[in-house]
Amino acid sequence: MKEEQHQFLRLLNQLPARLTAEQAAWVLNCQPHDVPVLVTARLLKPLGNPPPNSVKFFAALELLEMIEDRTWLAKVTNALNQHWQKKNAAKKSHLSEGFRNENVTAC
């Protein structure tokens, strides 16, 4: 967020009604690239019916309610952990396959 936005929000003493993915990530204490993972896992629902490649907004009120639910927070944590474990395993597998292919052709 820009400094002007921080100052404005401090004056209001509340969040804006609609949050961008970056702002939602900040509220959740996660990274902006984690928000699409949570949308795919159906743990976050964007407002309206945005096209896949458009800017998505999230209801601040709904998000603030959800972050008070320990069960929901556990689901978020598990979904993010599973996503990154799968992604890292696929990357590791792809790297090891490339290494094996190089060794086979070198022999």
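Mentor: Before we start, contact here means heavy atoms within 4.5 Å. The model is predicted.

Trainee: OK. Among contacts between residues at least 6 apart in sequence, what share join residues at least 24 apart?

Mentor: In the protein chain, that share is 54%.

Trainee: And what's the order of elements from the N terminus on?

Mentor: The order is α-β-α-α-β-α-α. That makes five helices and two strands.

Trainee: How much of the chain is buried?

Mentor: Of the 107 residues, 22% are buried. The accessible surface is about 8400 Å², and carbon and sulfur atoms account for 55% of that surface.

Trainee: How many residues are in the largest nonpolar core?

Mentor: That core has 19 residues. Leu28, Leu38, Leu44, Leu63 and Trp72 have the most contacts inside it.

Trainee: Which helices supply at least two residues each?

Mentor: Helices α2, α3 (35-40), α4 (60-66) and α5 do.

Trainee: Let's take Trp72. Where does it lie?

Mentor: Trp72 is in helix α5, which covers residues 70-106.

Trainee: Why does Trp72 count as buried?

Mentor: Because its relative accessibility is 9%, and the cut-off for buried is under 20%.

Trainee: What does Trp72 touch, not counting residues up to four places away in sequence?

Mentor: Leu28, Leu43, Leu44, Leu63, Met66 and Ile67. Take Leu43: it sits 29 residues from Trp72 in sequence, with a C-alpha to C-alpha distance of 7.9 Å. There is a polar pairing as well, with a polar atom of the Trp72 side chain 3.1 Å from the backbone oxygen of Leu43.

Trainee: And Leu44, what is that in contact with, leaving aside neighbours within four places?

Mentor: Leu44 contacts Leu28, Val35, Leu38, Val39, Phe58, Leu63, Met66 and Trp72.

Trainee: Switching to α2. Which of its residues are buried?

Mentor: Helix α2 spans residues 21-28, and Gln23, Ala24, Ala25, Val27 and Leu28 are buried there.

Trainee: Gln23 is on that list. Why does Gln23 count as buried?

Mentor: Because Gln23 has 9% relative accessibility.

Trainee: What does the Gln23 side chain reach?

Mentor: The backbone nitrogen of Thr20, at 2.8 Å.

Trainee: Last one. Which residue just after α2 takes a positive phi?

Mentor: Asn29, with a phi of about 60°.

How values were computed: Residues are numbered from 1 along each chain as its sequence is written. This is a predicted model: local features need pLDDT of at least 70, side-chain atom pairs count only at pLDDT 80 or more; totals for chains, interfaces and linings use all residues. Side-chain values use heavy atoms; hydrogens and water are left out. Buried means under 20% relative accessible area, exposed over 50%, partly exposed in between (1.4 Å probe, protein chains only). Helices (H or I, at least four residues) and strands (E, at least two) are DSSP runs, numbered from the N terminus. A polar contact is a pair of N or O atoms within 3.5 Å; within protein, one must be able to donate a hydrogen and the other to accept it, and residues adjacent in sequence count only if both atoms are side-chain atoms. A nonpolar core is a set of buried Ala, Val, Leu, Ile, Met, Phe, Trp, Tyr and Cys residues joined through side-chain atoms within 4.5 Å. Accessible areas come from the Shrake-Rupley method with a 1.4 Å probe; for residues, only the protein chains shown count as cover.
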